[in-house]
Amino acid sequence: MTSITEESSYKAFGGWQKVFSHESKELGCRMKFGVFTPPQAETGPVPVVYWLSGLTCTEQNFVTKAGSQQHAAKHGIMVVASDTSPRGCNIDGEEESWDFGTGAGFYIDATEEKWKKNYRMYSYVTKELPSIIAANFKVDSDKAGIMGHSMGGHGALICAFKNPGQYKSVSAFSPICNPINCPWGVKAFTGYLGAENKDTWKNYDACELIKKYNGPPLEVFVDQGKADTFLTQGQLLPDNLVNACAAVGVPVIMRMQEDYDHSYYFILTFMGDHFDYHAKFLKA
């Protein structure tokens, strides 16, 4: 069993918001993750929702800004928030850009030689981290959901689409819906997967993955702010996701929220709706 170290602990809404660290075998470095344990876990296993954060974030952005604890406590759901990328791997160039390298793992498994040893965030969040949670906490691993924001919204969508049945529910705030067709995605996929391997890029693009989804019925829930500057810059492409889901009959709820932007004020406002949504599936 992987050894974890408690880094911080705070009582909140009858439960505990903690942060742990561990040596990651997938990433080859020490990683941190947040866990909110609701009071219901005192009497037995509870469902779990995994949160994936966006560019430049750590686990702390969600833990301290999203206001998730009150909603998780209400529904009796554990919440696990991972970091967004490996840290301190001493790879040349990993600190040069805010949207590539440190803080920008994009939840894929890199294949380019320079990055492939450490930048394996897809395997980390879908395999290693869930196994650590199952081994150390009172969680019902068969009742798991996933959600995220921006780059993390992209991560939540691809994790759900690539692993039919592993997640009973999926939602996102302002996700990068079609990364092979936006500047952020092209930069990341070129660096991590190689400019000559564009067929491989499709394996980490929600709009491409939904075309071949073959698993239990799945519904997608997305909130997108209309005043989001990244929306107008063509980084997020929510219409592409709606069209891709419609083409294969996958239900998608796309809420366009007037005047809201890309910030955690937006996330904080609608976080309760997302927990209500996940609870429908995880507590059925």
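Select Gly76 to begin: it sits just after helix H2 and takes a positive phi of about 70°. Before moving on, know that this is a predicted model, in which local features need pLDDT of at least 70 and side-chain atom pairs count only at pLDDT 80 or more, while totals for chains, interfaces and linings use all residues. Residues are numbered from 1 along each chain as its sequence is written, and side-chain values use heavy atoms, with hydrogens and water left out.

**Stop 1: helix H2 and its surroundings**

Now select residues 68-75, which make up H2. Helices (H or I, at least four residues) and strands (E, at least two) are DSSP runs, numbered from the N terminus. Six of the eight residues of H2 are buried, so the helix is largely enclosed by the rest of the structure. Buried means under 20% relative accessible area, exposed means over 50%, and partly exposed is in between, using a 1.4 Å probe and protein chains only. To see the buried ones, pick Ser68, Gln69, His71, Ala72, Ala73 and His75.

What covers them? Show strand S1 (4-12), strand S2 (15-24), strand S3 (29-37), helix H1 (59-65), strand S5 (78-82) and H10, which are included in the cover over the buried residues of H2.

**Stop 2**

Two packed helices are described by the angle between their axes and the distance between the axes. The axes are lines fitted to C-alpha atoms, for helices over the stretch in contact, and angles run from 0 to 180 degrees between N-to-C directions.

Which residues make the contact? On H2, select Ser68, His71, Ala72, Lys74 and His75; on H10, select Met271, Gly272, Phe275, Asp276 and Ala279. Contact means heavy atoms within 4.5 Å. Colour these residues by type and you get four nonpolar, four polar and two charged.

Zoom in on His71, in helix H2. This residue is buried, with a relative accessible area of 18%. Leaving aside its neighbours within four places in sequence, His71 is in contact with Met271, Gly272 and Phe275.

**Stop 3: aromatic rings**

How many aromatic pairs does a search of the whole structure find? There are 21. Rings of Phe, Tyr and Trp (its six-membered ring) pair if their centres lie within 6.5 Å; planes under 30 degrees apart count as stacked, over 60 as edge-to-face and the rest as tilted.

Start with Trp115 and Tyr119: the ring centres are 5.1 Å apart and the planes are at 85°, so this pair is edge-to-face. Both Trp115 and Tyr119 are buried.

Then go back to H10 and pick Phe266 and Phe270. Their centres are 5.8 Å apart with planes at 70°, so this pair is edge-to-face. Being four residues apart in H10, Phe266 and Phe270 are separated by about one helical turn. Phe266 is buried, and so is Phe270.

**Stop 4: two loops with positive phi**

Most residues other than glycine have a negative phi, and most peptide bonds are trans. Select Ser174, in the loop between strand S7 (169-173) and helix H5 (183-193). Ser174 is not a glycine, yet has a positive phi of about 45°. At 0% relative accessibility, Ser174 counts as buried.

Next is Leu237, in the loop between helix H8 (229-232) and helix H9 (238-248). Leu237 is no glycine either, and has a positive phi of about 55°.

**Stop 5**

Gly152 lies in helix H4, residues 151-162. Buried or exposed? At 0% relative accessibility, Gly152 counts as buried. Not counting residues up to four places away in sequence, Gly152 touches Leu52, Ser53, Gly54 and Tyr107.

Finish at Pro45, in the loop between S3 and strand S4 (46-52). Pro45 is exposed, with a relative accessible area of 60%. Leaving aside neighbours within four places in sequence, Pro45 is in contact with Lys138, Val139 and Asp140.

Conventions:
Ala, Val, Leu, Ile, Met, Phe, Trp, Tyr, Cys and Pro count as nonpolar, Asp, Glu, Lys and Arg as charged, and the others, Gly among them, as polar.
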